[in-house]
Amino acid sequence: MAKKIKKKELDRREFIALGPVAIPWIGVAWAAFTGATTLLLGATGRFFFPNVLFEPPQSFKAGLPAEYTLGKVDLRWKKKFGVWLVRDVDNERGEGFYALSTVCTHLGCTPNWLEAEQKFKCPCHGSGFRRSGMHFEGPAPRPLERYRVVFSEDGQILVDKSQKFQQEKGEWTKAGSFLALA
Ligand code: FES
C-alpha cells in the first residue's frame with residue numbers, strides 16, 4: 001500500500017516537475033480536438049443542409065392576352081423566367097404570341113430590348129436580333145430560340161420552357177411555337 005502511494009506521489013511530482021513543458025502540449029491537444037470536432041460538425045451540417053440550386057419552374061402562366069399590347073416586347077418575365085413574350089402578327093397565322101428565350105445564341109449573354117431601335121442588342125459582343133428573334137448583326141450564328149406557348153384551361157397564356165423551337169431547324173412553323181388568338 002505504502003508502495004502504491006509512493007508511486008502515485010512520484011507520478012504527481014514528476015508531472016508537476018514537467019509542468020512548464022507539459023502544459024503547452026495539453027493546449028495543443030485541446031486545440032486539435034476542438035478543431036476536429038468543429039470540422040466534423042460542419043460536415044454533418046452540410047450533409048443535412050446541402051447546397052441546392054433552386055431553378056425557376058419550367059412553365060408559368062403569363063396572364064391574359066388583353067394584358068399585352070400588339071407589337072410590343074413585354075419585359076415582365078425577363079428577369080424571373082428568362083423570357084420575352086411578344087404579341088405580334090404572323091403572316092400565316094394572324095395575331096398571336098411567341099415567347100423568346102433571353103439567351104444570346106452566340107455565347108449565352110442576355111441581350112437588351114431597345115424599343116427605339118426595335119431590336120435586341122447583346123452587350124457582350126454586339127449581336128443584334130429583330131423583334132421576331134431573327135439575328136441580323138454581330139457574331140450570333142442563329143436566331144433566338146422560342147418556347148412553347150399555349151392557352152391554359154383558365155384562358156391565360158402558358159409559357160412552357162421545356163419545349164424549344166429553333167428557326168434554323170424549321171421549327172417556328174410548328175404548333176406551339178406561336179399562339180394564335182383567332
Ligand atoms: S454572347 Fe451575345 S454577342 Fe456574344
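Colleague: How much of the chain counts as buried?
Modeller: Of its 182 residues, 32% are buried, meaning under 20% relative accessible area with a 1.4 Å probe, protein chains only. This is a predicted model: local features need pLDDT of at least 70, side-chain atom pairs count only at pLDDT 80 or more, and totals for chains, interfaces and linings use all residues. Residues are numbered from 1 along each chain as its sequence is written, and side-chain values use heavy atoms, with hydrogens and water left out.

Colleague: OK, rings. How many aromatic pairs?
Modeller: Seven. Rings of Phe, Tyr and Trp (its six-membered ring) pair if their centres lie within 6.5 Å; planes under 30 degrees apart are stacked, over 60 edge-to-face, the rest tilted. Phenylalanine 60 and phenylalanine 81 are stacked, at 3.9 Å centre to centre and 5° between planes.

Colleague: Where do those two sit?
Modeller: Phenylalanine 60 is in strand E1 and phenylalanine 81 in helix H2, 21 residues apart. Helices (H or I, at least four residues) and strands (E, at least two) are DSSP runs, numbered from the N terminus. Both phenylalanines are buried.

Colleague: Why is the pair of tyrosine 98 and phenylalanine 178 called tilted?
Modeller: Because their planes are at 35°, with the ring centres 6.4 Å apart. Tyrosine 98 lies in strand E4, and phenylalanine 178 in the loop between strand E10 and strand E11. Both are buried.

Colleague: Switching to charges. What lies over the face of tyrosine 98?
Modeller: Arginine 146, at 3.9 Å from the ring centre. The rule wants NZ of Lys or CZ of Arg within 6 Å of the ring centre and within 35 degrees of the ring normal.

Notes
Buried means under 20% relative accessible area, exposed over 50%, partly exposed in between (1.4 Å probe, protein chains only).
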